[in-house]
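I opened my notebook to look through one chain, topic by topic. Here is what I looked up, starting with the rings.

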Amino acid sequence: MAPKRKYDDSYIKFGFIAIETNHETRPQCVICSTVLSNDALKPAKLERHLKTVHPKLSDRPPDFFMGKSENLKKMKLGTSGSRFELNEKVLSASFKIAQLIAKSKKPHTIGEKLLKPCLLNAVEEVLGEEAKNKIQEIPLSNNTVKARIDKISFDIEE
């Protein structure tokens with residue numbers, strides 16, 4: 001088993017903070033909320049993510065990413081007392097919906113253009129405004145769905 005890498009505070013300059021997942025430190029992008037593997041805790045890999053996924057932000061100072069980090073932490077807190085549990089459920093829902101989109105062979109934009117509005121309307125009608133706000137946190141953008149499908153397919157290949 002590969003050794004566990006440690007997060008360094010200087011990685012914020014690449015737009016990453018550390019989160020704890022299954023007793024393992026992993027880097028999370030403060031821009032797109034993508035959580036990478038512990039193996040990606042290398043400056044070169046973090047910088048590559050920043051320059052390929054967010055090229056327009058690659059010249060920003062660390063203070064910019066610190067601000068984004070604070071916003072991300074506030075979003076995670078949400079209305080639930082346990083931010084980690086909420087984040088895991090939202091992430092799980094995002095993966096499950098991405099898998100359904102992949103199986104349907106529809107464009108990835110269907111997540112944000114059709115599915116999410118339908119979910120929001122139905123949940124608000126049946127469960128109320130508070131539940132709607134929780135569903136709103138599920139990321140279903142075109143890029144997110146593509147990334148989820150890529151991750152699912154990569155796991156299958158292994």
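**Aromatic pairs**

I began with the rings and got a count of two aromatic pairs. The rule I used takes rings of Phe, Tyr and Trp (its six-membered ring) and pairs them if their centres lie within 6.5 Å; planes under 30 degrees apart are stacked, over 60 edge-to-face, and the rest tilted. One of the pairs is Tyr-7 with Tyr-11, edge-to-face, with 5.6 Å from centre to centre and 90° between the planes. Tyr-7 is partly exposed at 22% relative accessible area, while Tyr-11 is buried at 9%. My cut-offs here: buried is under 20% relative accessible area, exposed is over 50%, and partly exposed lies in between (1.4 Å probe, protein chains only).

Next I took Phe-64 and Phe-65. Their ring centres are 5.2 Å apart and their planes stand at 75°, so I wrote this pair down as edge-to-face. Phe-64 is partly exposed at 21%, and Phe-65 is buried at 0%.

Before going on, I noted where my numbers come from. This is a predicted model, so I keep in mind that local features need pLDDT of at least 70 and side-chain atom pairs count only at pLDDT 80 or more, while totals for chains, interfaces and linings use all residues. Residues are numbered from 1 along each chain as its sequence is written, and side-chain values use heavy atoms, with hydrogens and water left out.

**Charges over rings**

Phe-64 came up again when I checked for charges. The charged end of Arg-60 sits over the ring of Phe-64, 4.5 Å from its centre. To count, NZ of Lys or CZ of Arg must be within 6 Å of the ring centre and within 35 degrees of the ring normal. I also found the charged end of Arg-148 over the ring of Phe-95, 4.8 Å from the ring centre.

**Arg-148**

I stayed with Arg-148, which is in helix H6 (residues 142–157). Is Arg-148 buried or exposed? With a relative accessible area of 12%, Arg-148 is buried. Leaving aside neighbours within four places in sequence, Arg-148 touches Leu-91, Ser-94, Phe-95, Ala-98 and Pro-139; contact means heavy atoms within 4.5 Å. With Ser-94 there is a polar contact from side chain to side chain, at 2.9 Å. I had to look up that term: a polar contact is a pair of N or O atoms within 3.5 Å, and within protein one must be able to donate a hydrogen and the other to accept it, with residues adjacent in sequence counting only if both atoms are side-chain atoms. I also noted that Arg-148 and Thr-34 are 114 residues apart along the chain, with their C-alpha atoms separated by 9.6 Å.

**The whole chain**

Zooming out, I counted six helices and two strands. From the N terminus the order is β-β-α-α-α-α-α-α. Helices (H or I, at least four residues) and strands (E, at least two) are DSSP runs, numbered from the N terminus. Of the 158 residues, 28% count as buried.

**The hairpin**

Strands S1 (residues 16–21) and S2 (residues 24–29) pair antiparallel over six bridges; strands pair if DSSP finds at least two bridges between them. I followed Thr-21 across and found its bridge partner in S2, Glu-24. The hairpin has two residues between the strands, and Asn-22 takes a positive phi near 50° there.

**His-54 and the cysteines**

His-54 lies in the loop between helix H1 (43–53) and helix H2 (62–77). His-54 is buried at 10%. Its side chain makes a polar contact with the side chain of His-49, at 3.4 Å. Beyond four places in sequence, the contacts of His-54 are Cys-29, Ile-31, Cys-32 and His-49.

Those cysteines made me check for disulfides. A disulfide is a covalent bond between the sulfur atoms of two cysteines. My rule asks for two cysteine sulfur atoms within 2.5 Å, and the count is zero. Cys-29 is buried at 1%, whereas Cys-118 is partly exposed at 43%.

**Leu-100**

Last entry: Leu-100, in helix H3 (residues 83–104), is exposed at 57%.
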